[in-house]
Amino acid sequence: MIPPGFIQDLLSRVDIVEVVGRHVELKKAGINHKGLCPFHGEKSPSFTVSPTRQTYHCFGCGVHGNAIGFLMEHTGAGFVEAVQDLAQQTGMQVPEDERSPEERERAAAQKVRQATLTEVLARASDHYRAQLKKSPRAVAYLKGRGLTGQIAAQFALGYAPEGWRALASAFPSYDDPLLAESGMVITSGEEGGEQKRYDRFRDRVMFPIRNVQGETIGFGGRILDKGEPKYLNSPETPVFSKGRELYGLFEARTGLRQRGYALVVEGYMDVVALAQHGFNNAVATLGTACTAEHVQKLFRFTESVVFSFDGDAAGRRAAGRALEAALPHATDTRSVKFLFLPTEHDPDSYVRDLGAEAFEQCVAEAVPLSRQLLETAAEGCDLGSAEGRARLLANAKPLWNALPQGLLKRQMLGDLARRAQLPDQELMGLWQAGGGSPGPSRSERVFDGPPDDAPPPDYEQQASPAKPARREWKKDWKPSGKGNWKRRGEPVDETMGTPRRQPISPTDHALRMLLLSSDWWERLSLDQQQLLHELPGRQGELVGWLERFLVNHGTAPWSVLEATLQAEDGPLDQARRLTSSLYGEEEPQFEDLQHVLRQLQIDALAKQIQALIASNPQGEQLREIARLRQEIDQLKKAMLVSSG
């Protein structure tokens, strides 16, 4: 584990403009830099990099983060790899305190071994590509499948010639053990004795399998004529695991952002054929069932996944396994759907015979995860009998339990209860011990009071709320045809029904600006700092944490503050809530913070005056009221001067 302090130090030294600028062409725009977003297709730049915040944000697709996050999103690197990359750029040494020297030595040796194997596989890929150009038969096969030379080059397609030792012309030594370790050569016979060696792939169209960094880690080979197996894959190696890798993910990274979803199919040719027809967001499992790791990897690139299967029994079984893999990752903000094609088609044949528009329509009509769960659980169950409904619930319970807690899980409970003809609460009671409580129903919820940072209620307005008169409707009422009861001609409010975000309060606005520009804290007056310290609940806790950080570490950009909050188990949720809309076209100025704080000071002083007046003030209290009013006047004059 990399110590959190090192991450903070690294982010403090890194210039995100320089990091992003290696991958995106940026131009100065005020105090920020702008460019075309690398995560989705666009013609006008909406991708902003802030040197002040040390963050990036796209106003088009919404991606944002720090330098580490950018490398992870853009290059597909893991967290440790991204940290090591940045550390190397800044001349820092990543600490490995928790590993013994032997463990570090083994890890270094493993890394060298993996790099060597990918070099061998890359050379084999180049050899196969060269052989494709020399094979009219293989070229004719690909053209017959509707592929162009451009798409073949994009996926680095190749051809493994006939013959048992064709790779001997590509490598200096055919006896090199790396050829066998990488899965390119098969050896037979006892080790130490005379062994026979021959190529694994012969007379096949070759599909290089690349990881998200673009390194060749394995191959899939499709036979040209009839024969078995139709597809042959590389074996498991130190760089290749079928349960973790997806064919076409490297090539689909841009397409995933452009189309907004990942399309998971079953074959290499499906991926390539779909890309030929404009579906550049397709990936395929590697001859194995979809796993939870596959789904988790896809959700690093998109929030929506569509699984495409043949409509036969094998396709239904594959869909069931994909459903089980997807359930633990099906949060309320993600979308998982299932597309079933007619039994006579796979994605390749469907898009070639019926066209891209027809396939697009199939995607639009894909079955959502919730319905697929119900259909899977109800398969083979007679819902007209008590026994069949009981079997439905027995099938559904492990699937429902796999869902993460949230609104989707709660709604699924209601759908299952209606299918089984049981009340929601009864089913929840039956499943609560094994599946966790989905939460109280609306009638059972108890109001715990407002959050700590909520403003005090206006009791004068709430004292006697007026009840609107109940309108009696006549049973035979019909529209008169007059007026605009249908809002004829008025534009439809496209935001109707969408979640409404509560306007940010002045205190939240002040805290957000301080998180953005932590060096402003020292420029505040003692009264202003004390005012912020006295904020209630999580707001005051966040202010206290920020001051402690500044005393111990000095000022830092938001990216460092966020990393430290996470490492120290601080009020991270509160800070992230404040900064969720932190990205704007204009950077706030220190005077904006002063304006907000002066208004907060005026409000606090006004409350003191009201409390004194309510106590029937005399003598010294009257003089205190006058002093407070004078202080309010001075603050108001300062606000007028700053805004004028």
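This briefing walks through a few helices in the structure above. Keep in mind that it is a predicted model. The stops are the packing of helix H21 with helix H25, the bend in helix H16 and the buried residues of helix H13.

**H21 against H25**
- Helix H21 spans residues 526-533 and helix H25 spans residues 590-614; their axes lie 10 Å apart and cross at an angle of about 70°.
- Angles of 65 to 115 degrees count as roughly perpendicular, and H21 and H25 are therefore roughly perpendicular to each other.
- On the H21 side, the contact is made by Asp527, Gln528, Leu531 and Leu532.
- H25 contributes Gln594, Leu597, Leu600, Gln601 and Ala604 to this contact.
- Sorted by class, the residues in the contact of H21 with H25 are five nonpolar, three polar and one charged.

**H16 and its bend**
- Helix H16 (residues 386-402) has 17 residues, and from its first C-alpha to its last it reaches 25 Å, close to the 24 Å expected.
- At Ala396, H16 bends by about 35°, with a proline, Pro398, following within four residues.
- Ala396 is also one of the buried residues of H16, along with Gly388, Arg389, Leu392, Leu393, Leu399 and Trp400.

**H13 and its surroundings**
- In helix H13 (residues 347-354), the buried residues are Pro347, Asp348, Ser349, Tyr350 and Val351.
- These buried residues pack against three strands, E12 (262-265), E14 (304-310) and E15 (335-341).
- They also pack against helices H10 (268-276) and H14 (356-364).
- Look just after H13 for Gly355, which takes a positive phi of about 95°.

Notes
Residues numbered from 1 in each chain as written. Predicted model: local features only at pLDDT ≥ 70, side-chain atom pairs only at ≥ 80, totals over all residues. Heavy atoms only, no water. Axes fitted to C-alpha atoms, helices over the stretch in contact; angles between N-to-C directions. Helix = DSSP H or I, 4+ residues; strand = E, 2+ residues; numbered from the N terminus. Parallel < 35°, antiparallel > 145°, perpendicular 65-115°, else oblique. Contact = heavy atoms within 4.5 Å. Nonpolar A, V, L, I, M, F, W, Y, C, P; charged D, E, K, R; others polar. Expected span 1.5 Å × (residues − 1). Bend = angle between axes of the 7 residues up to and from the residue. Buried < 20%, exposed > 50% of the residue type's maximum accessible area, 1.4 Å probe, protein only.
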